[in-house]
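Here's a quick briefing to read alongside the structure. Have the chains open as you go through it.

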Amino acid sequence: MKKVFKNIALYIGILSTIFASSCKPEIEGLQTSPGQADFSKYIAVGNSLTAGFADGGLYLEGQKVAFPNLIAEQLQQVGNTNFRSPFFSENERNGSGYIQLQALVDGQPIMENVTDNLAYRAEGKLSKYTEDIENLGVPGMRLDLSTQAWFGGLNMYFERLLPDADVGTKTYVQFATEKNHTFFSFWLGNNDVLGNAMNGAVTNPGDPTTVLTETATFEQVYRSFIEALTTNDRKGVVATIPDVTAIPFFTTVTRAALIAAVKAESGQDVQDIYIETGTGIPRAASDNDLFVLPFASAGLLGNTSTENPFPYGLHPNNPVESKYVLDSDEVTAIQARVKAFNSIIKDIAEEKSLALADAHAYLNRVKNPGIVYNGVAINASFITGNAFSLDGVHLTPMGNALIANLFIEAINKQYRSRIPKVDASKYRGVKFP
Amino acid sequence: MQIKRLILGLLLASPAAVWAQGSQVNTQSQKAVGMAGAGSALFVDETSIFYNPGAVAKMDHNAVSIGASAVMYRAAFREFNSNDVHHTKFKISPPFSAFATFGPQNSWWKAGLGIYTPFGGSVDWGDQWPGRYELNHLQMRAIYIQPTLSFKLTENFGIGGGFVYNVGMVDLSRSIPTASADGTPGRAELSGVGTGMGFNVGVHYNLEDDFAISLSYRSQVITKLKDGDAQFTVPPALAASFPNTTFDAELPLPSSFNVGVTFPAGERVDIAADATFIGYSVYRELVFDYKDNTPVLEDTKQIKNYENAFSVKTGLNVEASEKLDLRAGVGYVYTPVRGPYVSPETPDNNRIMGSVGFTYDINDRWDLTGAYVFQHLLERTVTSANTGLSGAYKTNIHAPGISLTYKW
């Protein structure tokens, strides 16, 4: 009997050991490693996407989840020490101002402007931020204008980052290449296409931001910019330019939606929407003509005036103006330009052994067939697709996290590094009231 | 006429719901638990109502027993290419069982009643892990109520059967990807009670007191859940799209066929071994039928495609003294869940089991049985076909338990 109790004591001892050691299962973590790259000083070169622009504005919440900031957070595990951004202060957290959803009425979004806690020091001038930064994203920055010093006086987001003496005298290329970086991300060129496309492929006279950049200019500037960033064998990641038809800005307001709206509001059985094409000739719109998102709220359709008694957009004599439409020929031309730009980007990336994040391919996959990320449906639908913010061009926090993962994947592949991925399900899509 | 605004036809994806068996840990008899689940041929007592109704008539007495376990289900998840390991919250789920036999002494028949919980579990990942849009928490329990009759056809051959009535309860929640003004996601909470019916039959044959064999079959029990509660917490602008409503669902609990043998390995030592074939392939899909559908809230169908599963268990029973029996056992369970259909509600995989247990005869009337089983589910890296969630799961289950028997 004594022996039995002795054994029981032994069993209890063994049991408690098993219990204590195996109570919580342990899974081995990812062995992080920088691979062949040096991430100690990472800079992000780019436009609004790099800056964290969203919902039609640059504001603190968006800045904090800009994809380079999410990448930098992961890079901390492989040697990055300090990634600073030109954050707006808490008092000026709404930055440039932005739009938010005020209500959904019968499935139709009503937007409102956020106008408090803005960061303007004067009209068209934002509060300066001239301390050292690593997120160098400038909303509206174009490749063709990155070599133009006067652009610092024209673009308020760039002006904000420059000491007064540098405004109008320093180019973006100079600004971005004097940071002593060890690693860079470079996503520029989108606006060289978008600036023109978002204006219905109309170049406004005297407005350099609506120009469609020539392929030769693109190649020359891209090459010299990358040359400057890669001196001393420095490494980086570049990204391709998305297809214009992959973003809700161009795919939400369709011919069918316009016709349905006319029918719903007037009871008229309308067959056609008339548009002014890029060549100036009016014709009935087809499903391959893309209307820009702001046309939805412009309130023009069906309007008549004393000068033109025909209903706007519903009669060949009063067609939808060209600036609101990318007609099918313009779509084809812009897609061809994007393709040319992307092949330049890919060639230079390969030449310089840079990592390549193929945002063009990725966003096309988001558009069709769409992706399911950890149980969340992600697609290019306006508002409900979870990837694009309320301006239909820029990303939601969740979209930023997915793009950060695309970049991380590309870096890991190119430099045999092991940077852990971002848990994108932590980040939101569009906010609902 | 002026067309001011366009109808954009906003569509969100329906929240698909989950409801699985939970992680099965059989705890109906603490004696069997002490042998990792083996012993259907060895133990002829009131718990045979569950393990083999054919053995009940062989009891030379009547008995009532109650037992309970504290199942601690600890799972961990690491998303593919991530460094963050997420653990389920510490939860104890208490499966219980109660058995009673009735009948004349030394007769050719016996009746019995069993109330037990063959399926169930509790897993709580919280709302801060990468799979939050698939599952926050799931609590599920199937309670089987089984009146039973057992007959001795000869001294050595018993046959018996019982009718099974199941009351199943489920309670689960998950996040919905609809951010509110402060950025927090929405939430769906589903709960309900369902019922189903089935049966349990078995034959038990023994040669003297030495060798015995047990064959038993428990039918599948299709549990129908009607008018469960579906509650949605979403931003006000989306409330009309996610009405609080009710839902119907159907869950087939699988059949199982069990073969057990036992034989002596010494004066005071018995060996028992059991093999169980579990008909999980009935679980093809899970359909949720919401009463009020909206363009957003549609009925959902989730593919499960379970396979049949198999388990083997063996154990030793040592009569350490007049009053004390000691036990130990090991077992292996093949999972019914294929890789792409592994989900956080039961991140299942093949599992190994080890157990120890004892029965202490307090006196002629009272027995106290205790057991402890540890199950380790092997690490499994999967990509979910339903949600795309990709990563590695690993699970440990601890289940200490105790039961008290009164005999007359």
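**A buried helix, a helix pair and a chain overview**

In chain A, helix α8 (residues 190-197) is largely enclosed by the rest of the structure, because 8 of its 8 residues are buried. Keep in mind that this is a predicted model.

**Around α8(A)**

- The buried residues here are A:Asn190, A:Asn191, A:Asp192, A:Val193, A:Leu194, A:Gly195, A:Asn196 and A:Ala197.
- As for what covers them, the elements include α2 (48-51), α9 (215-229), β11 (325-326) and α13 (328-351), which belong to chain A.

**How α9(A) meets α13(A)**

- Two of those covering elements, α9 and α13, also pack against each other, at an angle of about 25° and with 10 Å between their axes.
- That angle is under 35 degrees, so α9(A) counts as roughly parallel to α13(A).
- The two helices, α9(A) and α13(A), cross in a right-handed way.
- On the α9(A) side, the contact uses A:Thr215, A:Phe218, A:Glu219, A:Tyr222, A:Arg223 and A:Ile226. On the α13(A) side, it's A:Arg337, A:Ala340, A:Phe341, A:Ile344, A:Ile345 and A:Ile348.
- Sorted by type, the residues of this contact come out as 8 nonpolar, 3 charged and 1 polar.

**Chain B at a glance**

- Chain B has 21 strands and 2 helices.
- Its C-alpha atoms fill a box of roughly 95 × 40 × 35 Å along the principal axes.
- Of the 408 residues in chain B, 55% are buried.
- Counting chain B contacts between residues at least 6 apart in sequence, 69% link residues at least 24 apart.

Conventions:
Residues numbered from 1 in each chain as written. Chains lettered and ligands numbered in written order. Predicted model: local features only at pLDDT ≥ 70, side-chain atom pairs only at ≥ 80, totals over all residues. Helix = DSSP H or I, 4+ residues; strand = E, 2+ residues; numbered from the N terminus. Buried ≥ 20, exposed ≤ 12 C-beta atoms within 10 Å, placed from the backbone. Contact = placed C-beta atoms within 7 Å. Axes fitted to C-alpha atoms, helices over the stretch in contact; angles between N-to-C directions. Parallel < 35°, antiparallel > 145°, perpendicular 65-115°, else oblique. Left-handed = near helix turned anticlockwise from the far one by under 90°. Nonpolar A, V, L, I, M, F, W, Y, C, P; charged D, E, K, R; others polar.
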